[in-house]
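Below are some notes on this model, for reading beside the coordinates. They take up side-chain pairs and then helices.

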Amino acid sequence: MENILNSEIVFEFPKEAASFSVSHCIAQHGKLVSDGEYIKEVFLMTLNTLFQDFANKNEIIKRIQDLPISRNSVKERILCMSGDILNQLQTDLASADFFSFCLNESTDITSQARLAVFVRFISVNIMKEELIKLITISTKTTGRDIMD
C-alpha cells in the first residue's frame, strides 16, 4: 500500500486517500466491503460531539459525507491494493537471485486442513517471507495428497 498512498496523493486527493485507508482497514480485519457505509454512519453520528468546538465543523461533516466508501468503492480499492501488492512481489522476485517456496499444513479452528504457501527471498539484503496463497485441503493431508 505504500506505493498507492504516497504523500503526493494524500495531499492532492485527500478523500480518495482516506477511502483507501478505510478500505485497507476493512480488508485487514476481514470485514465486509459494505462496512464502509457503516463506518461513515458512525463518523457522522460522532461528529457533533467530537468536533463541537471546531470552527470548521461543517467542512469536516461535508468531507465525511463525500467520502467514497460505498460497497463498490471499497471493493475497487481493495482490488487496487491487491494488484499493487502483487506487482511489488513480482518486482521483488524478479530481482531476487534465489527464492524458495515453503508449504505449511495445519488445521484451523473449524477443523479444516489448510495449506499455506509462502515464498522466501532476499530483497535489498533483507530476507523476506510472503504468503502467496492459503488453500483449503479437502482430502488427506499426506505429502502425496497435497501435491496431487
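1. Is Arg 120 buried, partly exposed or exposed? The model is a predicted one. Arg 120 has a relative accessible area of 35%, so the residue counts as partly exposed. Its side chain meets that of Glu 129 in a salt bridge, at 2.3 Å from N to O. Glu 129 is partly exposed as well, at 41% relative accessibility.

2. The count of salt bridges comes to four. Another of them joins Lys 128 and Asp 92, at 3.2 Å from N to O. Lys 128 belongs to strand E3 and Asp 92 to helix H5, so this pair ties together parts that are 36 residues apart in sequence. Asp 92 is buried, with 19% relative accessibility, whereas Lys 128 is partly exposed at 26%.

3. Lys 62 and Asp 66 also form a salt bridge, with 3.0 Å between the closest N and O atoms. Relative accessibility is 46% for Lys 62 and 32% for Asp 66, so Lys 62 is partly exposed and so is Asp 66.

4. Helix H5 covers residues 71–95, and its 25 residues should span 36 Å at 1.5 Å a residue; the end C-alpha atoms are 36 Å apart, which agrees. Its buried residues include Arg 77, Asp 84 and Asp 92. The buried residues of H5 pack against helices H2 and H3 and strands E2 and E3.

5. Helix H2 gives a similar check: 15 residues should span 21 Å, and the end C-alpha atoms are 21 Å apart. Among the buried residues of H2 are Phe 20, Val 22 and Ile 26. Gly 30, which follows H2, has a positive phi near 65 degrees.

Notes
Residues are numbered from 1 along each chain as its sequence is written. This is a predicted model: local features need pLDDT of at least 70, side-chain atom pairs count only at pLDDT 80 or more; totals for chains, interfaces and linings use all residues. Side-chain values use heavy atoms; hydrogens and water are left out. Helices (H or I, at least four residues) and strands (E, at least two) are DSSP runs, numbered from the N terminus. The expected span of a helix is 1.5 Å times one less than its number of residues. Buried means under 20% relative accessible area, exposed over 50%, partly exposed in between (1.4 Å probe, protein chains only). Contact means heavy atoms within 4.5 Å.
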